[in-house]
Amino acid sequence: MIQSVDNVALLPAYLAAGTAVLVLLADLLVARRGATVAVFAAGAAATALGAVLVGAAGSRRTFCAGPDCSYLANGRAALVGCLFALLTLGVLALSAPLLRSGQVPPGEYCFLLACSMTGGVVLGAAGDLITLVVALETLTLPLYVLVGLRHRSVAGAEAALTFFVVSVVATAVTLLGAALLYAVTGAVHLSRLGAIFEAEANRPVALGGGDFPTGPALLSLPLTVVAVALIVLGLAFKVAAVPFHAWAPATYDGAPVPVAAYLSTASKLGGVVALLAVTATALPARMTGPLLAAVAVLTMTVGNLVALRQRRMVRLLAWSSVAQAGYIVAPLGALALSSGRSAEAIDTAVAAAVAYTVFFVVLELAAFGAVVALRPAVADGGEIADYRGAARRRPWVGAAFVLALVGLAGLPPGLAGLFAKVTVVRSLLAGGAGWLAVVVALNAVIGLAYYVRVAATLYAPEPAADRAGEAAAAPVVPADPGAPAVPAGAPVPAAEPVRPAWAVVAALALATGVAIVVGFAPQLILDIAAL
């Protein structure tokens with residue numbers, strides 16, 4: 001069989017892969033940080049533009065075997081590809097101080113980011129299980145190295161090892177499920193699997209002398225149940241859903257803050273896209289619905305409760321992202337009920353999950369951008385107490401941080417987050433899962449406690465007594481080997497506030513601006529997600 005290749009449909013993937021190759025060549029031939037970064041930025045921007053242009057031209061299909069295709073370039077694939085490219089570009093901007101410090105090699109850093117972006121772009125258009133798993137691993141594999149790329153960082157090495165081991169196990173579980181599913185159905189294309197299971201659900205089974213519309217044999221096979229469960233649970237690792245979440249806080253906290261931002265946004269986006277692809281198109285809703293409902297309840301509840309006890313900023317954002325994963329998965333929990341399995345209800349649930357993911361990644365990128373702007377170049381996220389009064393010293397950065405936090409909490413004026421939660425609740429009510437909508441609302445109230453606590457810390461005054469005590473207890477350490485010693489008890493000059501790089505400020509401003517725009521025009525995101 002000769003397959004025709006639609007090169008126009010593959011244009012975003014070509015641009016993303018070409019960016020990785022050009023970055024490698026620029027680093028090899030020019031060996032200048034500025035040239036390498038410029039090539040990467042131009043390639044990421046071209047990838048985003050290519051995804052938009054291909055998506056605007058209508059749906060295209062390639063690598064087809066009859067009616068089943070492995071690559072589907074449609075509106076949703078364009079949205080995912082554009083998001084990955086822009087998120088990668090934003091993370092590059094947040095990485096400017098880290099690259100300038102010399103802690104990470106710029107060539108390897110940009111090349112790995114470009115490779116990960118390529119996997120994300122292909123993932124959005126995956127039409128079969130093989131393409132989906134390969135694209136997801138292409139997205140994830142470079143992150144193992146990025147997490148531990150800092151020189152002489154023990155925490156980074158430990159985080160990278162944790163992430164690697166857990167992710168390899170998750171991939172093995174997913175592949176085992178896919179293999180068992182192929183053994184049962186003989187198909188790997190998502191649309192073909194969906195058609196097989198739908199036909200089985202509606203097929204009458206001959207028993208005795210007549211036909212009775214009882215449970216189909218394929219859906220009752222233990223092998224089918226195990227295959228579906230393994231695929232869903234393996235992909236739940238990638239989303240950091242409970243009980244497969246333990247790797248996320250340690251990995252986020254040990255990675256450089258810009259890499260943690262990428263893990264929390266682009267990596268989670270990839271897991272969500274893969275999970276939506278298999279549950280909404282390929283796998284039987286009667287099996288995935290109860291499992292996803294349980295995962296959603298556990299994820300949002302555990303994430304919010306554990307976040308209440310966090311004292312480190314990046315760990316709090318990590319547990320917050322775990323809870324947000326529960327909100328993202330929640331609309332698919334409506335598939336547990338028969339009223340949520342109609343075509344209209346499934347489309348509403350998928351659109352709600354995609355829209356919430358878009359709102360979340362924008363707000364999460366803004367939150368991490370504010371952390372990078374308020375911390376020294378090579379520092380980690382630090383303690384939450386270290387941010388006391390930060391909004392008074394940096395009013396605009398503090399305001400952007402608070403806007404991102406209240407948006408993640410679902411409070412005004414963070415309208416993007418407010419509409420995101422409303423969208424999820426509305427989809428659950430439309431699918432007849434009112435009890436799950438109540439759980440979402442209760443967890444949103446729990447989440448207010450730690451979001452408001454951080455926001456209050458940002459604007460809290462610094463106690464004069466604490467500053468005086470710190471000055472009196474300061475050791476006699478000269479500023480440099482040639483400087484005179486400062487006696488204990490002498491007044492210590494106030495430290496200069498951290499001046500963020502212009503690229504970090506630009507990325508933070510852009511993410512905040514996008515959050516404000518989508519907050520006032522949420523229907524635009526919903527319309528794109530429904531394509």
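This note goes through a few local features of the structure, point by point.

1. Basis of the values. The model is predicted, so that local features need pLDDT of at least 70 and side-chain atom pairs count only at pLDDT 80 or more, while totals for chains, interfaces and linings use all residues. Residues are numbered from 1 along each chain as its sequence is written, and side-chain values use heavy atoms, with hydrogens and water left out.

2. The disulfide. The structure holds 1 disulfide, a term that stands for a pair of cysteine sulfur atoms within 2.5 Å. The partners are C64 and C69, with their sulfur atoms 1.9 Å apart, and the link of C64 and C69 is right-handed, with 100 degrees about the S-S bond. C64 counts as partly exposed because its relative accessibility is 22%, whereas C69, at 4%, counts as buried; here buried means under 20% relative accessible area, exposed over 50%, and partly exposed in between, with a 1.4 Å probe and protein chains only. Two further cysteines, C82 at 16% and C110 at 0%, are buried.

3. Helix α2. Helices and strands are DSSP runs numbered from the N terminus (helices H or I, at least four residues; strands E, at least two). Helix α2 covers residues 33-56, and its 24 residues should span 34 Å at 1.5 Å a residue, which agrees with the 35 Å between its end C-alpha atoms; the expected span is 1.5 Å times one less than the number of residues. The buried residues in α2 are T36, F40, G43, A44, T47, A48, G50, A51 and V54. As background to such a list, an α-helix has 3.6 residues a turn, so residues three or four places apart point the same way. The cover over the buried residues of α2 includes α1 (11-29), β2 (68-73), α3 (75-94) and α5 (106-124). Just after α2, G58 takes a positive phi of about 105 degrees.

4. A nonpolar surface patch. V21, L22, L25, L28, L29 and V30 form a nonpolar patch on the surface, with about 600 Å² of accessible area together. Patches are made of residues with over 30% relative accessible area and no salt bridge, where like charges are joined within 9 Å and nonpolar side chains (Val, Leu, Ile, Met, Phe, Trp, Tyr) within 5 Å.

5. Backbone points to check. Most residues other than glycine have a negative phi, and most peptide bonds are trans. F63, which is not a glycine, has a positive phi of about 55 degrees; F63 lies in strand β1 (residues 60-65) and counts as partly exposed at 31% relative accessibility. A240 also has a positive phi, near 60 degrees, but A240 is found in the loop between α10 and α11 and is buried, with a relative accessible area of 0%. The loop between α10 (222-239) and α11 (247-254) also holds P243, and the peptide bond from V242 to P243 is cis, with omega near 5 degrees. A cis peptide bond joins P412 and P413 as well, with omega about 10 degrees, and P413 lies in the loop between α17 (395-409) and α18 (415-430).

6. Residue S267. S267 is found in helix α12 (residues 257-282) and counts as buried because its relative accessibility is 8%. Leaving aside residues up to four places away in sequence, S267 touches L139, L143, K238 and Y262, where contact means heavy atoms within 4.5 Å.

Definitions and conventions
Accessible areas come from the Shrake-Rupley method with a 1.4 Å probe; for residues, only the protein chains shown count as cover. A salt bridge is a side-chain nitrogen of Lys or Arg within 4 Å of a carboxyl oxygen of Asp or Glu.
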